[in-house]
Amino acid sequence: MAKVDPWEMTQVKDYAKLVRDFGIRGFEDFQRRFEYLRYVRRGIIFGQRDFNLIVDAIDHGRPYAMMTGLMPSGCFHLGHKMVADEIIWFQGLGAQTYICAADVESYLMRDVQFDEAWETAIQDYLANYFALGLKKDNLHFWFQSDYVNPYYRLRDMASKRVTFNELKAIYGDLSPSKITSALTQVADILHPQLPEFGGPKPTVVPVGADQDPHIRLTRDIASRLNAKRGSRRDMRCVAPSATYHKFMSGLTGDKMSSSDPKTHISLTEQPKKAAKKVLSAKTGGRETVQLQRKKGGEPDKCVIYELYLYHLIDDEAELSRIYHECRSGKLLCGQDKKDCARLVERFLSKHQGNLEKARSRARKFIKKV
Ligand code: SF4
């Protein structure tokens, strides 16, 4: 069975195996309906749990929520942009939008001090979300360390609905920090269904495959909260739905990491510097030009192609041209990397033009919450 650790996982090699091992369902049934979203059309969002509940709520105009979290450590890079795009997609579909700054988790698991985490969450993450198109209407944003009482009470109630051995089976090695982080995430995901937030409703959590342990734990606890009734503090809730996306590779071909600038392009980095990094990214090219002309390149193993696929090229015909010209040996890496670098530079310049205003909006918004 594949090992999935939300704090340690490096790269997933076999998404189909992950789907089989953990009972995640494919996204095919919803592909056509949402194919206007690049991540759906290209199979980057590959799995789901109970996504039919969300579609049903959309179709019948019933309330539903989207909840996601950000880890305020390191910089906001293209991997994070994918999550931001998904948040904005759900907000556009009418979801009550819940975004958590996981400052307790970053303190416990990555030793980030709270004031630093707050600064990063507001200046880097929330500001970038706004610059990418997030609206403040219908938006709930909170810090795990500074929220309302019912949220903390829910975390305490959750701790009574799971055993130590069950946590071990889900997460492997445990520590007090991991247990607190996991139970806090349960409260993050379920609290939009508390009476104070409008009561039970379907809630979708868009996640990378590595976060599935949190989804499984929360679904188990949700069913137990429903079963165990009698106290006025008990709650009814709908087990959360989830969508699962694949990970982008880092520029080096390994995992993309916030703490290693060689592996990522940050949305705040100097556009020319980012373009330079693209020129030295790992490609699927052959050892020599002659060999590439003869055998063609391997776009499926190429970071440059991934940048197009996830972020830079929306037009299917253009993407297909690059793919086929690469495979046939007509397109060579040197030229293609330059083209890609230009697109990155253009994207970052435009995005950063929106960022200053977005930063002041983020500050004002936080003052209000
Ligand atoms: S030609 Fe482009 S897509 Fe093909 S391997 Fe080289 S960089 Fe990648």
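## Cavities, ligand shell and aromatic pairs

Leu78, Met248, Ser249, Gly250, Leu251, Met256, Thr263, Ile265, Val303 and Leu307 line the second largest cavity, where a cavity is a set of points, on a 1 Å grid over the protein atoms alone, at which a 1.4 Å probe fits but cannot get out, and where lining residues have an atom within 4 Å of a point. The model is a predicted one, in which local features need pLDDT of at least 70 and side-chain atom pairs count only at pLDDT 80 or more, whereas totals for chains, interfaces and linings use all residues. Residues are numbered from 1 along each chain as its sequence is written, and side-chain values use heavy atoms, with hydrogens and water left out.

The second largest cavity holds about 30 Å³ of space, a volume being the space filled by probe spheres set on the grid points, which are joined across faces, edges and corners. Its lining divides into seven nonpolar, three polar and no charged residues; here Ala, Val, Leu, Ile, Met, Phe, Trp, Tyr, Cys and Pro count as nonpolar, Asp, Glu, Lys and Arg as charged, and the others, Gly among them, as polar.

In total, the structure holds two cavities of 30 Å³ or more, and the largest cavity has a volume of about 120 Å³. The largest cavity is lined by 17 residues, of which Cys302, Ile304, Cys326, Cys333 and Asp336 lie nearest its centre. Two or more residues of this lining come from each of α14 (303-312), α15 (316-328) and α16 (333-368), with helices (H or I, at least four residues) and strands (E, at least two) taken as DSSP runs and numbered from the N terminus. By class, the lining of the largest cavity comprises ten nonpolar, four polar and three charged residues.

The ligand sits in the largest cavity, in the sense that more than half of its atoms lie within 2 Å of the grid points. Around the ligand are Thr283, Gly284, Gly285, Gln292, Cys302, Ile304, Cys326, Leu331, Leu332, Cys333 and Asp336, each with a heavy atom within 4 Å of it. This shell divides into six nonpolar, four polar and one charged.

Turning to the aromatic side chains, a search of the whole structure finds 22 aromatic pairs, counted where ring centres of Phe, Tyr and Trp (its six-membered ring) lie within 6.5 Å, with planes under 30 degrees apart called stacked, over 60 edge-to-face and the rest tilted. Phe34 and Trp89 form an edge-to-face pair, 5.5 Å centre to centre and with 80 degrees between the planes. Because Phe34 lies in the loop between α2 (28-31) and α3 (38-41) and Trp89 in helix α5 (residues 78-92), the pair ties together parts that are 55 residues apart in sequence. Both Phe34 and Trp89 are buried, that is, under 20% relative accessible area, with exposed meaning over 50% and partly exposed in between (1.4 Å probe, protein chains only). The pair of Phe46 and Tyr244 is tilted, because the ring centres are 6.4 Å apart and the planes stand at 45 degrees. This pair links distant parts of the chain, with Phe46 in strand β2 (residues 45-49) and Tyr244 in strand β7 (residues 241-245), 198 residues apart. Phe46 counts as buried at 11% relative accessibility, and Tyr244 is buried with a relative accessible area of 0%.

Two backbone positions remain. Asp50, in the loop between β2 and α4 (51-60), has a phi near 50 degrees, a positive value in a residue other than glycine.

Key. On a 1 Å grid over the protein atoms alone, a cavity is a set of points where a 1.4 Å probe fits but cannot get out, and a pocket is an open set with protein on both sides within 12 Å along at least five of seven lines; lining residues have an atom within 4 Å of a point.
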